[in-house]
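Please consider the following chain together with its model.

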Amino acid sequence: TQSMFPLYGIQLLLAPTLVGLFVTAVLMILLFVHSEWYVVNTTGVLLGAGVCVMLGVTFVPALAMLFMILAAVYDFWAVYKSKHMLDLADTMIGLRLPILLVAPQGSDYSLIEETEQAKRSNETIISEDKQARVKPKKAKKNSEAMFMGLGDVIFPGMLVLSAMQWLDPSVAFSVAMTTLFGGLMGYLALMTYVARGKAQAGLPLLNGGAILGYLIGGLLFLGTGIFSFNISW
């Protein structure tokens, strides 16, 4: 609007900057000394929220959807064809980095314990005689978890923020909510498949649901104008 004006250079407000630096320092220390699943999730959610905002206000919905389609195609190929995404996911889980979200299936789940046991089992070779003498430990009940890459949250979130930023203000919130609803429906479908015990590519369902929700909401609230991409070359 006419009342807005550009700001150049880095703009730092004292209180938000100090709070942000403090939270960042605390989370970095916790990731180093106690990288349990709730620490990884908290850091991942804050990181993903920031990336969603930065990408959403940068790219118009048409470009955001283009990136989402390309990412979904790559994710499908990486999971089902080359399968290198599965190896990458195992590595990231072992490192306990905040580029994934952990959904524990029980209150007794420990990400640290799981990854440490996996490391020990890979590094230790036990003789057959010793295996016979050692009584196997009973597995803990509900000590499993489901994992989802942070990109599975960022890409649909980017389209939600892009709709809020670039569409007509009178319909922007409504279309953003239908986009969010579509992404959640894609998430529901994804979790249905994951619950069956097989690794699934998340972006085809999540991005597809978000894009479908965006188009349906756009047609309902904006009409055919939703297809005016407003991209200059």
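**From overall fold to local packing**

The protein chain exposes about 15500 Å², and carbon and sulfur atoms supply 68% of that area. The model is a predicted one. Of the 233 residues of the protein chain, 30% count as buried. The chain holds 9 helices and 2 strands, and from the N terminus on its elements follow the order α-α-α-α-β-α-α-β-α-α-α. Among contacts between residues at least 6 apart in sequence, 75% join residues at least 24 apart.

The largest nonpolar core has 15 residues, of which M68, L159, A163, L167 and Y214 touch the most other members. Two or more residues of this core come from each of the elements α3, α7, α8 and α9. Helix α7 gives the most to the core, with 4 residues. The surroundings of A163 can be listed in detail: leaving aside neighbours within four places in sequence, A163 is in contact with P61, A172, V175, A176 and Y214.

Helix α7 comprises residues 151–166 and includes D152. Is D152 buried or exposed? D152 has a relative accessible area of 15%, and because buried means under 20% relative accessible area, D152 counts as buried. Not counting residues up to four places away in sequence, D152 touches G202, L203 and L206. These three residues, G202, L203 and L206, are themselves among the buried residues of α9.

Helix α8 spans residues 169–194. With 26 residues, α8 reaches 37 Å from its first C-alpha to its last, close to the 38 Å expected at 1.5 Å a residue. The buried residues in α8 are V171, A172, V175, A176, T179, G182, G183, G186, L190 and M191. Against which elements do the buried residues of α8 pack? Their partners are β2 (145–149), α7 and α9 (202–221).

T179 is located in helix α8 and counts as buried at 1% relative accessibility. When neighbours within four places in sequence are left aside, the contacts of T179 are L159, V160, A210, G213 and Y214. Of these contacts, L159 and Y214 are also among the core members that touch the most other members, while A210, G213 and Y214 are listed with the buried residues of α9.

Helix α9 has 20 residues, and the distance from its first C-alpha to its last is 28 Å, close to the 28 Å expected at 1.5 Å a residue. Its buried residues are G202, L203, L206, N207, G209, A210, I211, G213, Y214, G217 and G218. They pack against α3 (61–81), β2, α7 and α8. Just after α9, G223 takes a positive phi of about 75°.

How exposed is I216? This residue belongs to helix α9, and at 45% relative accessibility I216 counts as partly exposed. I216 and G182 are 34 residues apart in sequence, and their C-alpha atoms are 9.2 Å apart in space. G182 itself is one of the buried residues of α8.

T91 counts as partly exposed at 42% relative accessibility. The C-alpha atoms of T91 and T115 are separated by 10.0 Å, the two residues being 24 residues apart along the chain.

Which residues make the nonpolar surface patch of about 880 Å²? The patch is made by V19, F22, V23, V26, I29, L30, F32, V33 and L46. Helix α1 (residues 14–33) supplies the largest share of this patch, namely 8 residues. One of the patch residues, I29, is found in helix α1. I29 has a relative accessible area of 52%, and because exposed means over 50%, I29 counts as exposed.

Conventions. Residues are numbered from 1 along each chain as its sequence is written. This is a predicted model: local features need pLDDT of at least 70, side-chain atom pairs count only at pLDDT 80 or more; totals for chains, interfaces and linings use all residues. Side-chain values use heavy atoms; hydrogens and water are left out. Patches are made of residues with over 30% relative accessible area and no salt bridge: like charges are joined within 9 Å, nonpolar side chains (Val, Leu, Ile, Met, Phe, Trp, Tyr) within 5 Å. Accessible areas come from the Shrake-Rupley method with a 1.4 Å probe; for residues, only the protein chains shown count as cover. A salt bridge is a side-chain nitrogen of Lys or Arg within 4 Å of a carboxyl oxygen of Asp or Glu. Buried means under 20% relative accessible area, exposed over 50%, partly exposed in between (1.4 Å probe, protein chains only). Contact means heavy atoms within 4.5 Å. The expected span of a helix is 1.5 Å times one less than its number of residues. A nonpolar core is a set of buried Ala, Val, Leu, Ile, Met, Phe, Trp, Tyr and Cys residues joined through side-chain atoms within 4.5 Å.
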